[in-house]
Amino acid sequence: MQNISKQTKLVRHSNAVAAGITTITPSAGIDTKGFAGCLFVVHWGAIVATGVQSIECHSSTDDGVADAYTALLGSKVTVADSDDNKLTYLDIYHPRERYLKCIVNRATA
């Protein structure tokens, strides 16, 4: 049996933010060189009854320098407005591009 913490690297991708309706886009991506994948975990606080939120993964070959970040097809996860104080995750295994970002979309209906 192997210890998973010795085979993973934990990185804070984005700091916590107050409730709002804007899209949260981290400035830098996660470099996955030397890793098999990336697991993004998003903690939701209170969500208003008309909240429309989701997360999705965007990728780039060069951290957005010449190759702009684009959404990974099939990576979008919609979050119900009743999912207050829950976690949502994206587990990206063997990404085609080296850099990944987790985009948090927040809006109200």
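At 57% relative accessibility, Leu87 counts as exposed. The residue sits in strand E6 of a predicted model. The chain has seven strands and zero helices. Its mean pLDDT is 89.

- Leu87 is exposed because its relative accessibility, 57%, is over the 50% cut-off.
- Beyond its neighbours within four places in sequence, Leu87 is in contact with Val41, Val42 and His43.
- Gly45 is 42 residues from Leu87 in sequence, yet the two C-alpha atoms lie 9.2 Å apart.
- Asp91 also belongs to strand E6.
- The relative accessible area of Asp91 is 54%, so this residue counts as exposed too.
- Setting aside neighbours within four places in sequence, Asp91 is in contact with Cys38 and Leu39.
- From Asp91 to Glu56 the separation is 35 residues along the chain and 10 Å between C-alpha atoms.

**Overall fold and dimensions**

- The order of elements along the sequence is β-β-β-β-β-β-β.

- Of the 109 residues in the chain, 32% count as buried.
- Among contacts between residues at least 6 apart in sequence, 75% join residues at least 24 apart.

**Surface and charge**

- The accessible surface of the chain is about 7500 Å².
- Carbon and sulfur atoms account for 55% of that surface.
- The chain carries 10 positive and 10 negative charges.

**Confidence**

- A pLDDT of at least 70 is reached by 98% of the residues.
- Confidence is highest in strand E4 (residues 70-71), with a mean of 96.
- Confidence is lowest in strand E7 (residues 99-108), with a mean of 91.
- Where pLDDT is low, predicted coordinates should not be read in detail.

**His58, strand E3**

- His58 lies in strand E3, which spans residues 51-60.
- The relative accessible area of His58 is 16%, under the 20% cut-off, so the residue counts as buried.
- Its side chain makes a polar contact with the side chain of Glu56, at 3.4 Å.
- Leaving aside neighbours within four places in sequence, the contacts of His58 include Tyr69, Thr70, Ala71 and Leu72.
- Tyr99, Leu100, Lys101 and Ile103 are also in contact with His58.

**The segment before strand E1**

- His13 lies before strand E1, which covers residues 30-31.
- The side chain of His13 reaches the backbone nitrogen of Cys102 at 3.1 Å.
- Cys102 is also among the contacts of His13 outside its four-place sequence neighbourhood, along with Leu100 and Lys101.
- Pro26, Ala28, Gly29, Ile30 and Phe40 are in contact with His13 as well.
- Thr8 lies in the segment before E1 too.
- Thr8 is partly exposed, with a relative accessible area of 42%.
- Thr8 and Gly20 are twelve residues apart in sequence, and their C-alpha atoms are 32 Å apart in space.

**Positive phi in loops**

- Asp63 is in the loop between E3 and E4.
- The phi of Asp63 is near 60 degrees, a positive value in a residue other than glycine.
- Asp63 is partly exposed, with a relative accessible area of 29%.
- Asn85 is in the loop between strand E5 (77-79) and strand E6 (87-93).
- Asn85 has a positive phi of about 55 degrees although it is not a glycine.
- Asn85 counts as exposed, at 54% relative accessibility.

Note on methods:
Residues are numbered from 1 along each chain as its sequence is written. This is a predicted model: local features need pLDDT of at least 70, side-chain atom pairs count only at pLDDT 80 or more; totals for chains, interfaces and linings use all residues. Side-chain values use heavy atoms; hydrogens and water are left out. Helices (H or I, at least four residues) and strands (E, at least two) are DSSP runs, numbered from the N terminus. A polar contact is a pair of N or O atoms within 3.5 Å; within protein, one must be able to donate a hydrogen and the other to accept it, and residues adjacent in sequence count only if both atoms are side-chain atoms. Contact means heavy atoms within 4.5 Å. Buried means under 20% relative accessible area, exposed over 50%, partly exposed in between (1.4 Å probe, protein chains only). Accessible areas come from the Shrake-Rupley method with a 1.4 Å probe; for residues, only the protein chains shown count as cover. Lys and Arg count as positive and Asp and Glu as negative; His and the chain ends are not counted. The place of a charge is taken as NZ of Lys, CZ of Arg, CG of Asp or CD of Glu. pLDDT is the predictor's confidence in each residue, from 0 to 100.
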